[in-house]
Amino acid sequence: MLPSPFSEKPSKAEPGKPLYARKPQQRQRPMADKREMEGERKLHPTRHRPGAGGRGVAAAAIAPPEPRAPRDITLTEGITIRELAEKLDVRAKDLLKTLLDRGVFASINQALDVQTATDLAQSFNGVVSVVSLEEEMVLEVAKEETKENLKPRPPVVTVMGHVDHGKTSLLDGIRLADVAAGEAGGITQHIGAYKVQVGEKSVVFVDTPGHEAFTRMRARGAKVTDIVVLVVAADDGVMPQTREAIDHAKAANVPIIVAINKIDKPEAQPERVKRQLSDLGLMPAEWGGETEFVEVSAKQKKNLDKLLEIILLVADLRELKANPDAPASGTVLESRVDKGRGPVATVLVQNGTLNNGDFFIVGSVFGKVRAMFDDRGRPVKTAPPSTPVEVLGLQGVPEAGDHFQVTDEAKARHVVEFRQSKQRDAALRASAGSRITLDQLHEQLKAGEVKELPIVIKADVQGSAEVLEEMLPKLSTDQVKLKIINAGVGTVTENDILFASASGAIIIAFGVRPDRKAQDLAQQEKVDIRTHNIIYEVSDEIKKAMEGLLEPVFQETYVGRAEVRNTFRIKGSGTVAGCYVVDGVIRRDSQIRVVRDGAVIYTSKLSSLKRFKDDASEVRTGFECGLGIANFNDVKVGDILECFQVTKLSAAEAAAQGTSAARK
């Protein structure tokens with residue numbers, strides 16, 4: 001009998017193989033995508049499988065994308081892909097896809113440079129106009145402004161003229177007149193711009209220096225002004241900076257009022273001044289012209305009220321208005337680093353109202369208004385249009401002349417980070433070389449070794465740094481090129497020494513001094529620091545170094561340093577400083593330098609040095625002493641008194657000493 005086929009046991013499966021063979025899974029037909037039916041492009045479109053068309057859904061035809069209408073957009077620096085997509089009204093992933101096709105990997109919150117953002121917008125039919133963040137804010141405010149929002153504002157008057165023609169004396173006379181009108185106490189000018197009350201109205205004055213090197217500062221004063229008061233000395237007439245001031249005022253398209261000063265002098269010739277100015281296009285109103293002339297005497301306070309009256313009359317004719325409800329905007333007139341308060345900027349508010357707590361951007365510096373002070377040093381909470389104020393709360397020192405704009409915190413931080421990254425990239429490209437001093441410059445020029453002289457500038461205020469930065473490169477010759485690799489404000493620090501050492505640069509310290517640690521590091525790194533207080537001495541020294549004409553060098557030897565702990569007023573002796581010697585020795589026959597907040601206030605000799613009641617020839621570290629400074633009584637607690645001796649050496653001896661020190 002044959003065995004039943006159902007009675008047979010299934011055979012064992014081979015190792016690694018299933019007992020029953022699985023049926024092959026049927027491949028599903030591709031479904032038509034909704035986005036394809038709308039005509040939008042996909043990264044990987046579905047391919048039509050041959051033979052699948054007759055058994056179900058027919059493949060949908062992909063419609064070509066509709067051409068986009070041109071769209072006007074404004075781009076700001078550091079714009080992100082998300083913001084650009086919102087402006088273009090497209091999806092952010094389409095922008096990312098376009099960048100990916102060009103080999104650029106980016107995220108949705110990544111900042112784009114202006115060129116990349118412009119090319120990307122144009123590929124989506126965008127009509128691009130590039131503006132800065134400040135300009136964009138101004139445009140937004142201008143759209144919302146109406147005649148009802150605009151209110152009258154005080155005029156901003158810039159005083160310009162040649163050096164020593166009496167600009168500051170004239171302003172001092174106006175300030176004293178303001179005190180007599182009702183202000184109590186004396187006035188301390190904290191900043192270069194201040195407000196004067198004239199009856200119910202007020203006038204804002206901006207002072208500018210008259211030295212020929214300060215061209216950019218005068219141009220900056222002309223840009224922020226409504227009226228220029230041109231001061232000309234009646235005994236001196238029209239001078240080079242007088243002509244330059246006229247050119248700046250005409251370029252800024254502002255009216256000019258001429259103040260002929262020093263008419264109290266016997267050699268004054270005001271009619272000659274009028275003839276000279278009429279030849280330059282400033283015809284007096286009394287001769288049928290359009291320019292107002294006022295003959296004044298700053299020393300005798302003569303006709304100052306008439307000058308203020310004409311200023312207000314010209315301002316009324318111009319109908320100066322601003323919107324006090326808008327976000328504040330203005331211009332930085334000056335900036336510096338204060339030892340106790342950090343970076344401080346003098347800002348002229350031109351539109352809107354600046355309040356405590358406002359976030360702002362100024363150039364590549366972000367800040368929040370921590371405190372504001374007016375021109376008399378009094379704290380204020382708000383600053384309406386045409387108000388000069390000192391602002392605290394900056395994260396760095398802004399450039400003088402930068403635009404100041406209040407905006408929201410997130411946008412300001414984002415733009416500042418983008419601008420600072422660009423500045424860092426530019427700084428990293430600065431070339432490094434071997435170290436050099438001015439004494440060795442001419443010898444290396446002869447040998448053909450020097451092609452470029454890097455210079456680091458540190459000044460007491462931003463305006464001085466700006467002037468040196470513009471003036472020194474003009475001294476370059478065919479043999480050597482002067483290159484400013486860094487310019488800043490404040491005392492010379494260890495970071496400056498290290499930067500100069502790495503770049504082979506010399507340091508020009510204008511109106512500031514290196515601290516003790518920086519001085520020691522400079523000697524260790526063999527970095528040449530040149531200290532100056534007069535602008536033309538800097539250019540003269542570098543010119544002579546390049547020509548090999550350096551005069552005998554006055555070498556300064558550091559002796560000691562003391563800190564003022566208390567001051568005493570003694571009849572017949574003036575102010576005596578009670579000091580603690582923190583370093584070195586204070587000697588009776590040495591010179592003394594008063595350093596306040598890193599800046600040199602006064603240099604003189606000791607008039608007295610005592611320990612307890614006895615005269616002393618020297619006082620060493622760790623001891624207290626009382627000392628008097630010759631012809632100087634303005635010593636304050638916290639001042640640093642630096643004791644030094646000056647030795648006269650020839651340029652060759654100084655260079656030889658530098659060489660021997662380097663060998664050691």
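In this predicted model, Lys274 has a relative accessibility of 3% and therefore counts as buried, the cut-off for that class being under 20%. Its side chain meets that of Glu295 in a salt bridge, with 3.6 Å from N to O. Because Lys274 belongs to helix H9 (residues 270-279) and Glu295 to strand S9 (residues 292-295), the pair ties together parts that are 21 residues apart in sequence. Glu295, at 27% relative accessibility, counts as partly exposed.

A second salt bridge, between the side chains of Glu390 and Arg336, has an N to O distance of 3.2 Å. Here two strands are involved, since Glu390 lies in S18 (residues 387-394) and Arg336 in S11 (residues 329-338), so that the pair ties together parts 54 residues apart in sequence. Glu390 is buried, its relative accessible area being 3%.

Lys97 and Asp101 also form a salt bridge, in which the closest N and O atoms are 2.5 Å apart; these two residues are 4 residues apart in helix H3 and are therefore separated by about one helical turn. Lys97 counts as partly exposed at 22% relative accessibility, whereas Asp101, at 53%, counts as exposed. The structure holds 28 salt bridges, and those that share partners join Arg513, Glu556, Arg561, Arg593 and Glu642 into one network.

Helix H3 (residues 92-101) also meets helix H2 (residues 81-88), their axes coming within 8 Å and crossing at roughly 115 degrees, and the crossing is right-handed. On the H2 side the contact is made by Ile81, Leu84, Ala85 and Leu88, and on the H3 side by Ala92, Leu95, Leu96 and Leu99; by class, this contact has 8 nonpolar residues, with no polar and no charged ones.

Definitions and conventions:
Residues numbered from 1 in each chain as written. Predicted model: local features only at pLDDT ≥ 70, side-chain atom pairs only at ≥ 80, totals over all residues. Heavy atoms only, no water. Axes fitted to C-alpha atoms, helices over the stretch in contact; angles between N-to-C directions. Left-handed = near helix turned anticlockwise from the far one by under 90°. Contact = heavy atoms within 4.5 Å. Nonpolar A, V, L, I, M, F, W, Y, C, P; charged D, E, K, R; others polar. Salt bridge = Lys/Arg side-chain N within 4 Å of Asp/Glu carboxyl O. Buried < 20%, exposed > 50% of the residue type's maximum accessible area, 1.4 Å probe, protein only.
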